[in-house]
Amino acid sequence: MSQLIPSTTPLRTSEDHEDTVCAVAAFPDRRRMVTGSDDKTLRIWDLETGVVLKKMEGHSSEVRALAVSRDDQIIASADEHGKTIAWHGENGESLTKPIKAHSNLIHSVDFCPDGTVLATGSYDGMTKFWCTKTWQMQGDPIDCGDVNCIRYSPSGQLLAIATTDNIQIYNPGTRKHVASFKTTIGKELFEKIHLSHLELACGGGEHMEDLRRVLIAKHNEPPFCAGSEGCRAAWVQRSHVISLRTVPGNPEMRPSIGG
């Protein structure tokens, strides 16, 4: 498996938040990104100039998770108190009032590929699904344990849920459990083994390509996002400073970022 060499020289650093930045997401248009902070606000940034395009307020607690729909039209944010807000992707105006989605902090959110469903994963042990037309919960939640990260595959046929105990793969439409595996082995060995486990579980082919592109993030790593071609990445090191850097190598792999 190829290794990435992290870039140590930022293309740009930007400061505007008043407290720790805990979440970051890139727009599919590759021109903008959105950040969320312990200051309870969001910012939309121009990636070329580093200018803040919009400051968004509405959360009553620290923002912990962000996602942007693939058509750039909706931003979803989630906070420490289990609430989520939908925002217009173009003008940053709120589309909903804060929705009490979970009873504990929401650690991760993700849109399905067509943008019709938002998945939310929380430390209340549940992953839930929300219709983006009505913002009502859609179908049954998945009782999976405390959630660190959730990601749809590019086709939308699979959903990966990284919990504090393991990684679980589901069919999001039927809620059928497809596969699960532990992550207590070394990182390098895990990366080699889990793909073979999933290949057996999911039958290989297009599903394997989907799962190679699923991002599974540990909750103690810095927020990270990459453009669709993987050539630029933005991350924060538990501060209010955002770094934009060029990431070489395989766009499907996440770089290892040192302290």
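## Lys-55 and its partner

Lys-55 is partly exposed, with a relative accessible area of 41%; here buried means under 20% relative accessible area, exposed means over 50%, and partly exposed lies in between (1.4 Å probe, protein chains only). Its partner in a salt bridge is Glu-57, with 3.7 Å between the closest N and O atoms. Glu-57 is exposed, at a relative accessible area of 58%. A salt bridge is a side-chain nitrogen of Lys or Arg within 4 Å of a carboxyl oxygen of Asp or Glu.

## What you are looking at

This is a predicted model, in which local features need pLDDT of at least 70 and side-chain atom pairs count only at pLDDT 80 or more, while totals for chains, interfaces and linings use all residues. Residues are numbered from 1 along each chain as its sequence is written, and side-chain values use heavy atoms, leaving out hydrogens and water.

The protein has 2 helices and 20 strands. Helices (H or I, at least four residues) and strands (E, at least two) are DSSP runs, numbered from the N terminus. Of the 259 residues in the protein, 49% are buried. The protein exposes about 12,100 Å², and carbon and sulfur atoms supply 47% of that area; accessible areas come from the Shrake-Rupley method with a 1.4 Å probe, and for residues only the protein chains shown count as cover.

How many salt bridges does a search of the whole structure find? The search finds 7. In general, side chains of opposite charge can pair when their charged atoms come close.

One of these pairs is Arg-64 and Asp-38, whose side chains meet at 2.6 Å, N to O. This pair links distant parts of the chain, 26 residues apart: Arg-64 is in strand β6 (residues 63–68), and Asp-38 is in the loop between β3 and β4 (41–46). Arg-64 is partly exposed, with a relative accessible area of 22%.

Arg-31 forms a salt bridge with Asp-29, and their closest N and O atoms are 3.1 Å apart. Asp-29 is buried, at 19% relative accessible area. A network of salt bridges links Asp-29, Arg-31, Arg-32 and Glu-90.

## Strands β2 and β3

Strand β2 (residues 21–26) is mostly covered, as 5 of its 6 residues are buried. β2 and β3 run antiparallel and are joined by 5 bridges; two strands pair if DSSP finds at least two bridges between them. Ala-25 stands opposite Val-34 in β3. The hairpin of these strands has 5 residues between them, and Arg-30 takes a positive phi near 65° there.

## Confidence in the model

The average pLDDT of the protein is 76, and 66% of the residues score at least 70; pLDDT is the predictor's confidence in each residue, from 0 to 100. Over residues 185–205 pLDDT stays under 50, and the model has 26 contacts beyond four places in sequence for them. Contact means heavy atoms within 4.5 Å. pLDDT also stays under 50 over residues 245–259. Where pLDDT is low, the predicted coordinates should not be read in detail.
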